[in-house]
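This report walks through one protein model.

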Amino acid sequence: MMKTLSIYLMLILAAITGCDNEKVVDETSLPPQANEFIEAHFPDARISRVVRDRDDLLTSYDVILDNQVALEFDNKGECYSVDGTNDTKIPDSVIPLKVLEYVQTNYADHFITEWEKSKTTQEVKLSNRKELVFNLSGTFLRIDD
């Protein structure tokens, strides 16, 4: 009985994970809020590629701009990741104010190259490769090297 149940559960798991779907889509497929974000924070950049990712019934969008910045949006168009190149400063306007002020005060000689928000924290990567972790309200928590 346990062996049959295990096989059954593995088949269900395989079916669920087999439904993952990445598809290149037109930029008109982006939620309006995502387009507004791009226009507001990257007015001189053009969208090079949009990939719609369906994973476990969640939809997200990966966007690559012509300046090589990568953005990730949820299904509502809220940005949760901005990834520039290691030598490229991402716009201050995409960084929550409290996080930006902390970086400018404590790392004045460096700039932010990446920002990512999860369900409980947000992280920035600096031009010196240090990764700083903050809570969602912007309070500094720790350094991840």
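## Strand pairs

Glu116 stands opposite Glu123 in S7. Strands here are DSSP runs (E, at least two residues), helices are runs of H or I with at least four residues, and both are numbered from the N terminus. S6 and strand S7 (residues 121–126) are antiparallel and share five bridges. Two strands count as paired if DSSP finds at least two bridges between them.

The model is predicted: local features need pLDDT of at least 70, side-chain atom pairs count only at pLDDT 80 or more, and totals for chains, interfaces and linings use all residues. Residues are numbered from 1 along each chain as its sequence is written, and side-chain values use heavy atoms, with hydrogens and water left out.

Phe73 sits opposite Cys79 of S5. S4 and S5 make a hairpin with four residues between them. Gly77, in the turn, has a positive phi of about 95°.

## The whole sheet

Strands of a sheet pair through backbone hydrogen bonds, either parallel or antiparallel. Here nine strands form an open sheet in the order S1-S2-S3-S4-S5-S6-S7-S8-S9, with antiparallel pairing. S1 (21–25) and S9 (140–144) are the edge strands; each has a single partner, so one side of each has no neighbour in the sheet. The twist averages 20° from one strand to the next.

Helix H2 (residues 32–41) lies across S2, S3, S4 and S5. H2 runs at about 150° to S4. Contact means heavy atoms within 4.5 Å. Axes are lines fitted to C-alpha atoms, for helices over the stretch in contact, and angles run from 0 to 180 degrees between N-to-C directions.

## The largest pocket

How much space lies in the largest pocket? About 420 Å³. The closest to its centre, of 13 lining residues, are Leu58, Ser60, Asp74, Tyr80 and Lys119. Strands S2 (47–55) and S3 (58–65) are the elements that give two or more residues to the lining. S3 supplies the largest share, three residues.

A pocket is an open set of points on a 1 Å grid over the protein atoms alone, where a 1.4 Å probe fits, with protein on both sides within 12 Å along at least five of seven lines; lining residues have an atom within 4 Å of a point. Grid points join across faces, edges and corners, and the volume is the space filled by probe spheres set on them.
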